Amino acid sequence: MTKPAGPPGPLDDRDRPSFPLDAWYAAAWDHAVGRDLHPVRVADLPVVLYRKLDGTAVALADSCWHRLVPLSSGRLEGDDVACGYHGIRYDGDGRATFMPAQQTINPSACVRSYPVVERYRFVWIWPGDPARADPDLIPDMHWNDDPEWAGDGQTIRFAADYRLIVDNLMDLTHEAFVHASTLSQNEINTERLDVRHEGGIVTATKWMLGVTPPPFWSRQLQHAFPGWSGPVDRWQIIRFEAPCTVTIDVGVAKAGTGAPEGDRSQGVANRILNTMTPATRDTTHYFWAIARDYHLRDQGITTRLREGVAKVFTEDQAMITAQQRALDANPGHEFYNLNIDAGSMWARRAIDAMIDAETQRVGVARAWTGAGR
Amino acid sequence: MTKPAGPPGPLDDRDRPSFPLDAWYAAAWDHAVGRDLHPVRVADLPVVLYRKLDGTAVALADSCWHRLVPLSSGRLEGDDVACGYHGIRYDGDGRATFMPAQQTINPSACVRSYPVVERYRFVWIWPGDPARADPDLIPDMHWNDDPEWAGDGQTIRFAADYRLIVDNLMDLTHEAFVHASTLSQNEINTERLDVRHEGGIVTATKWMLGVTPPPFWSRQLQHAFPGWSGPVDRWQIIRFEAPCTVTIDVGVAKAGTGAPEGDRSQGVANRILNTMTPATRDTTHYFWAIARDYHLRDQGITTRLREGVAKVFTEDQAMITAQQRALDANPGHEFYNLNIDAGSMWARRAIDAMIDAETQRVGVARAWTGAGR
Amino acid sequence: MTKPAGPPGPLDDRDRPSFPLDAWYAAAWDHAVGRDLHPVRVADLPVVLYRKLDGTAVALADSCWHRLVPLSSGRLEGDDVACGYHGIRYDGDGRATFMPAQQTINPSACVRSYPVVERYRFVWIWPGDPARADPDLIPDMHWNDDPEWAGDGQTIRFAADYRLIVDNLMDLTHEAFVHASTLSQNEINTERLDVRHEGGIVTATKWMLGVTPPPFWSRQLQHAFPGWSGPVDRWQIIRFEAPCTVTIDVGVAKAGTGAPEGDRSQGVANRILNTMTPATRDTTHYFWAIARDYHLRDQGITTRLREGVAKVFTEDQAMITAQQRALDANPGHEFYNLNIDAGSMWARRAIDAMIDAETQRVGVARAWTGAGR
């Protein structure tokens, strides 16, 4: 295991941004955006989402040019959104197309429009420099609509910095304590965690060979291989993609059937997909899903897994929001790191690197924030 | 239409007062003040209102000289108010008349007493220099108890700067968008608004000649002239009196019967009476009433109009408080003004002029605020 | 009566501590601490209380060394507490005894442990320098478990500085106004209050000789001396022990039977026991009890007295929290003092003296606060 030489920047340094703006952030599940006005705060910017008549998703600043009233309190008129106060209308590019009681339209009248891409069942927006909004930079969550996988997910609003959720996901030893009844087994605490990092990607891998599966996994094995029981090889392969996406490859296979070498035909696997969009510095839209690679058409399993994970994440939420409150009460506190923190330390460094690079590009003033209201 | 040369001072400049103290402010409806203690915050001052045994209204600082406990938590004893904690009593002029466990009364012991006048069904108080409290300066809302008019009103507490409500009332084109179903008609957006200003008075006039009346008005015409239908001449004449009173003369008459020239015998008129007392910088006691000039003894019409306006104002409240939150989130934001904003711009300038004159008189320290707790 | 020469330091000077750390504070009733984790804030420090298997009470900082998560969200394992997030365990002295996924324990890993003493049915903790934690400094509340007395009490959480409750208890003339229906009599306002002070102790004594007892007392006399009625000698002897304990000796005896000289055999007495632990600067855990010296085994009287006092204290709570809000709204306000304030003025000076002495010892930085999170 590689452990970082020193700690990343402190979480509560309010003089530096807590997230980059030049990044794709999930703003909503695709099914949540339609022919009504959907307000959402992303990267501390008020955004309104809707679809044009042809189905194209639009993301505009949720703040009228005239009096700052939220456009989401207005209404759609064709492909345009009309402010609910004085009726000023904007098209999907944010240009004003109507003003009350006057013939001419002030040429400067517009609201900001954000680059939008739909992928993996999410609507992604880019709050930063539009010229840099390359769709290839969208983090890989393809399991969410891959025909070889089946699953579903939800959104949770956390009253916590998104980086605390990253910390939580980068170290699964907490399962032994937070989720003792469902996921825990002693080997989580004893087996070695292998952490690697390159660019904005951090992976943390743990194998538990020849172990007894905990309830969450024995039930899934029974579904895929009815009647079978015995020891398993269990894996947890965590993949972080800066700034805020964590996909976790977890599974068990019959012990000794070659899972560590790549043959997982005698096992079951899940992908826990997580992307934690900063709403504000202290609040997060946590979009997650769980997908599996067996019995793809059994909606009962889909529902059971989704509800099971939802329950587990409620336990994490209680712990993480308590941690946020403790941070708020202890500004400038210096943290001690254990071996288990190696994954999150590298993830934090990858986030810091993105922020630092962006600060160098656009300057301390963070021009994009100022423009977006 | 005259448009101001430049914008007034920004709304959110916290270094300057948002309202003058040398002004009459409605503190309560007259029926709300009696032989109990009525606390109300006016111009950011805690005030307690009550009536003496002879019915005279009294306004004292709601804060005991001894320990600052609200006097409104105490009780009346004859014409005096006794603090509920240690029993110190004050007369209607604010002088201490009793102290516990001692014979002598500290000669400096007193609370501030505010000039009070009852007029037009409201209790008005003057938070500023008592020497300047001339009752002739009370804004004209006489329709509220004029025997030629009938009506009623209510009080709404707005979580917004009173000036945002002034803005709202000075431009009725918002009716087309906020109140589309009840009051709107296309001509509101196309007819010319005539704005005039002199001293602290701003008037904004709009005539719509030969138009079809919207539901709110056709129903009233039917009441006054049963069976009649046809085009109308419709008017909206808004009168602002600094710092916070707006009376609106609205009505319709049978088209071509001379209403623009002054003959309104073939029509119906309402007066919307509004006075927006600043409670704090960000909250407002909005006192309003609607009066009419026909069927004066029909309580059914009175109730229907009052409830109709109450519903319309709920729509305005949602929009205005959203605007206040947007302002709070965007300190220092510079606003763009449209033609429709001419009335509110002049109103804001009249308010600014009152504040500036007062600041020159009493200095930046605003001595009266300091004295009033 | 001695009146202080000048006022104590203002209550709202945020640059100085509002309470000493070198003091015993009641953290809980003894029955409230057991084999679960009991979080409580004392002197602005998060504390978790529990009992070891042998019944010994433990007080630790409620904040894990690793990520600051509250230990009270975790669980007991034998005599240790395990953090609910990553499972780090601490013994009753705060030393780490287990870390996840590693063999060695960081030698610096610990949380602060506070000196604990159980006495008079309360669990007392010492937030300051442990070397100074002398159990002889615990304030005298022995009536709470003295076999010659019987009684019971409760805990109230006040949204107010503990010193406002001290003020309230040091002057019982407020009974005439706040508790007019139960405790008041005219003589409270006319009889002389004798105030004495020495070191951290202030006493305030009032005798009302040959008076008619108010309802609260006539009922108790009837219990102890069935059938008797007549004038009484009534006393109120308030004893303040810095920083936050007030015990009040109150009672009545048949008039002229020698109560002032010390013979109270022909009367009944109560002790009102109050200790007001600062939770934060603006909130207080108010622990109180009422004990009596007659009919010791009659639980009906115990309950009736406890409920009666609880009701009276609700009236005080309303007044004191209103006073706190008024203080917050008037920073720097200078207060006037009346004769009735002599007791509280000396009490405040005794508190200030403790704080000043401690500041001189440990410096402005208040090292203990910093260490405790």
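**Figure 1. Contact between chain A and chain B in the predicted model**. Two residues are in contact if their C-beta atoms, placed from the backbone, lie within 7 Å. In this predicted model, 18 residues of chain A and 18 residues of chain B form the contact. The side of chain A that touches chain B comprises eight nonpolar, eight polar and two charged residues.

**Figure 2. Contact between chain C and chain A**. Here 18 residues of chain C meet 18 residues of chain A. On the side of chain C that touches chain A, eight residues are nonpolar, eight are polar and two are charged.

**Figure 3. Rotations that relate the chains**. Two copies of a chain are related by a rotation about an axis and a shift along it. Chain C is superposed on chain A by a rotation of 120° with 0.0 Å of shift along the axis, and the RMSD is 0.1 Å. This is the relation of a three-fold axis. Asp328(C) is the residue of chain C that comes closest to the rotation axis, its C-alpha lying at 13 Å. In chain A, the C-alpha nearest the axis belongs to Asp328(A), at 13 Å.

**Figure 4. The open sheet of chain C**. Seven strands with antiparallel pairing make up this open sheet, in the order E11-E17-E16-E15-E14-E13-E12. Strand E11 (150-158) and strand E12 (193-198) of chain C are the edge strands, each pairing on one side only. From one strand to the next, the twist averages 15°. Within the sheet, strand E13 (residues 201-211) and strand E14 (residues 232-241) of chain C are joined in the antiparallel sense by nine bridges. In this pairing, Thr203(C) stands opposite Arg239(C) of E14(C).

**Figure 5. Helices H1 and H6 on the sheet of chain C**. H1(C) packs on the sheet and touches E11, E13, E14, strand E15 (245-254), strand E16 (267-278) and strand E17 (284-292) of chain C. The direction of H1(C) makes about 160° with that of E16(C). H6(C) also packs on the sheet, where it touches E12, E13 and E14 of chain C. The direction of H6(C) makes about 165° with that of E13(C).

**Figure 6. The crossing of helices H1 and H6 in chain C**. The axes of helix H1 (residues 162-170) and helix H6 (residues 342-362) of chain C come within 8 Å and cross at roughly 145°. The crossing of H1(C) with H6(C) is right-handed. H1(C) contributes Arg163(C), Val166(C), Asp167(C) and Met170(C) to the contact, while H6(C) contributes Gly343(C), Ser344(C), Ala347(C), Arg348(C) and Ile351(C). By class, four residues of this contact are nonpolar, two are polar and three are charged.

**Figure 7. The surroundings of Val48(A)**. Val48(A) belongs to strand E3 (residues 45-51) of chain A. A residue is buried if 20 or more other C-beta atoms lie within 10 Å of its own; Val48(A) counts as buried because it has 22 C-beta neighbours inside 10 Å. Leaving aside residues up to four places away in sequence, Val48(A) touches Leu37(A), His38(A), Pro39(A), Leu60(A), Asp62(A), Leu71(A), Ser72(A) and Val81(A). Val48(A) and Ala59(A) are 11 residues apart along the chain, and 5.7 Å separates their C-alpha atoms.

Technical notes
Residues numbered from 1 in each chain as written. Chains lettered and ligands numbered in written order. Predicted model: local features only at pLDDT ≥ 70, side-chain atom pairs only at ≥ 80, totals over all residues. Nonpolar A, V, L, I, M, F, W, Y, C, P; charged D, E, K, R; others polar. Least-squares fit on C-alpha atoms with pLDDT ≥ 70 in both. Axes fitted to C-alpha atoms, helices over the stretch in contact; angles between N-to-C directions. Helix = DSSP H or I, 4+ residues; strand = E, 2+ residues; numbered from the N terminus. Left-handed = near helix turned anticlockwise from the far one by under 90°. Buried ≥ 20, exposed ≤ 12 C-beta atoms within 10 Å, placed from the backbone. Pairing = 2+ DSSP bridges.
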